[in-house]
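Here's a quick walk through a single protein chain, going from the overall picture down to a few residues worth a look. Have the viewer open as you read.

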Amino acid sequence: MVVALAEGRGIARREVGLASIDLRCPELVLCQFPDSQPYVKAITKLQVLRPLEVVMPQTACNPNASKMFTLLRDYFPEAHVTTVLRKYFNEERGMDAVRRLCVPHMATVLMDVQGKYYCLASLAALLQYVEFIQGVVLAPASVRVSFCGSERTAMIDGTTAANLELLRNSHDPRSSHSLFGVLNYTRTRGGARRLRANIHEPLVDEETLRGRLDCVDELMQEDNFYRVQAAISQFLDVDHLLSMLIQIPKTETLRTAESKINYAIHLKHVLELVSPLQRALSPCKTPLLTAYQSSLLDCRFPAILGKLRTVLTDDLPFRKGNLLSARTRRCHVVRPGLNGFLDLARRILSEAVGDIEGTARLTHP
């Protein structure tokens, strides 16, 4: 998790803008809100995000000039604060980035961020950092960009969360005796992340809450819950997979080539699970679950799966937790006959491996 942070000056003092990206999740989150002297809202938001890197303007990284900088060092001693020139916090570049990166069906976020100078400026600095330091460029029209104000959630500060033992046990941090530990029966990493965020920032929107309760009520009927649970438990960390697919490395290496093969295999595995999950949700009638079920009928899923099947072999020995890390196995995931040079290289490899095995048998009978 990388976060860029900017605060207002002059008449806009105490206005805080924040942009964050989890390099394992294809989502950019923008926030801007007025904050009080102790920066309770900003610190609470950062406690939810748990950043490893915080990017701030060089002029703000001075204990005498910025109270925020002092609080960051006190509350997040494990986070590395990176200072960059103020010129990289540029609102226009931030807005251009939203237009370029946002997936089409979430383009309404453009209206939400209009005039939000500090979060847009933070976004510009964040993307500059990710590109130059992490060596990653995000593909156009591939990222979920969301703007989160503080109106729809109840922000719980870190001290209160610790006293209530919401996320960890105050006596033994390794113990599961906390609210999160009691509730965490999630079957995917994405589900655990969402549960943690909802505990730390619970929703206060009544309509959304009623919709969720209706879903829970329906899932408790007959075998709906176990059918959906069985389908979901087969999925990998989809957010992480999508994030890797939209990241374009600035330089191609053997490691990036191997990673691309792994991601193609993972994507094929995930797409093959779309239909079982859609069938598991088909009996559901609540609006939210019906919307999820309809989204899984998107014609692009079978189209992408069909293209992958024309290239990848059918008998991929992939199961959850098996990364096919052996290079010799990666060599055979592409169907024969698609590339003559690849077929020749694989034949040479097989002959070389056979010669080595034969020599080993003669040497050590």
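**The chain as a whole**

First off, this is a predicted model. The chain holds 17 helices and eight strands, and its C-alpha trace spans about 80 × 55 × 45 Å along the principal axes. Of the 365 residues in the chain, 40% are buried. How much of the accessible surface belongs to carbon and sulfur atoms? The share is 57%, out of a surface of about 21200 Å².

Take the contacts between residues at least 6 apart in sequence: 69% of them join residues at least 24 apart. As for charge, there are 45 positive and 38 negative charges, and their mean positions lie 4 Å apart.

**Helix α8**

Helix α8 runs over residues 189-200, and its end C-alpha atoms are 17 Å apart; twelve residues at 1.5 Å each should span 16 Å, so the two figures agree. Which of its residues are buried? They are Ala192, Leu195, Arg196, Ile199 and His200. Looking down the axis of α8, these buried residues fall within an arc of 125°, so they line one face of the helix. The buried residues of α8 pack against α1 (40-49), α6 (158-163) and α7 (179-183).

Thr188 counts as buried because its relative accessibility is 19%, and the cut-off is under 20%. Leaving aside residues up to four places away in sequence, Thr188 touches Ile232 and Phe235.

**Helix α5**

Helix α5 takes in residues 117-133, 17 residues in total, and reaches 24 Å from its first C-alpha to its last, close to the 24 Å expected. α5 is mostly covered, with twelve of its 17 residues buried. Among them are Tyr118, Cys119, Leu120, Leu123, Leu127, Tyr129 and Val130. After α5 comes Gly135, which has a positive phi near 70°.

**Val55 in strand β4**

Val55 belongs to strand β4 (residues 53-57). Buried or exposed? Val55 is buried, with a relative accessible area of 0%. Not counting residues up to four places away in sequence, Val55 touches Val2, Val3, Ala4, Leu5, Thr82, Val84, Phe89 and Tyr129. The C-alpha atoms of Val55 and Leu123 are separated by 10 Å, though the two residues are 68 apart along the chain.

**Positive phi angles**

Most residues other than glycine have a negative phi. Arg50, which is not a glycine, has a positive phi of about 55°, and Ala141, also not a glycine, has one of about 50°. Arg50 is in the loop between α1 and β4, whereas Ala141 is in the loop between β6 (136-138) and β7 (144-147).

Here are the accessibilities of the residues picked out above.

| Residue | Relative accessible area and class |
|---|---|
| Val55 | 0%, buried |
| Thr188 | 19%, buried |
| Ala141 | 40%, partly exposed |
| Arg50 | 52%, exposed |

Arg50 counts as exposed because its 52% is over the 50% cut-off.

Key
Residues numbered from 1 in each chain as written. Predicted model: local features only at pLDDT ≥ 70, side-chain atom pairs only at ≥ 80, totals over all residues. Heavy atoms only, no water. Helix = DSSP H or I, 4+ residues; strand = E, 2+ residues; numbered from the N terminus. Expected span 1.5 Å × (residues − 1). Buried < 20%, exposed > 50% of the residue type's maximum accessible area, 1.4 Å probe, protein only. Arc of directions from axis to C-beta. Contact = heavy atoms within 4.5 Å. Areas by Shrake-Rupley, 256 points an atom, 1.4 Å probe, with all protein chains shown as cover. Lys, Arg positive; Asp, Glu negative; His and termini not counted. Charge placed at Lys NZ, Arg CZ, Asp CG, Glu CD.
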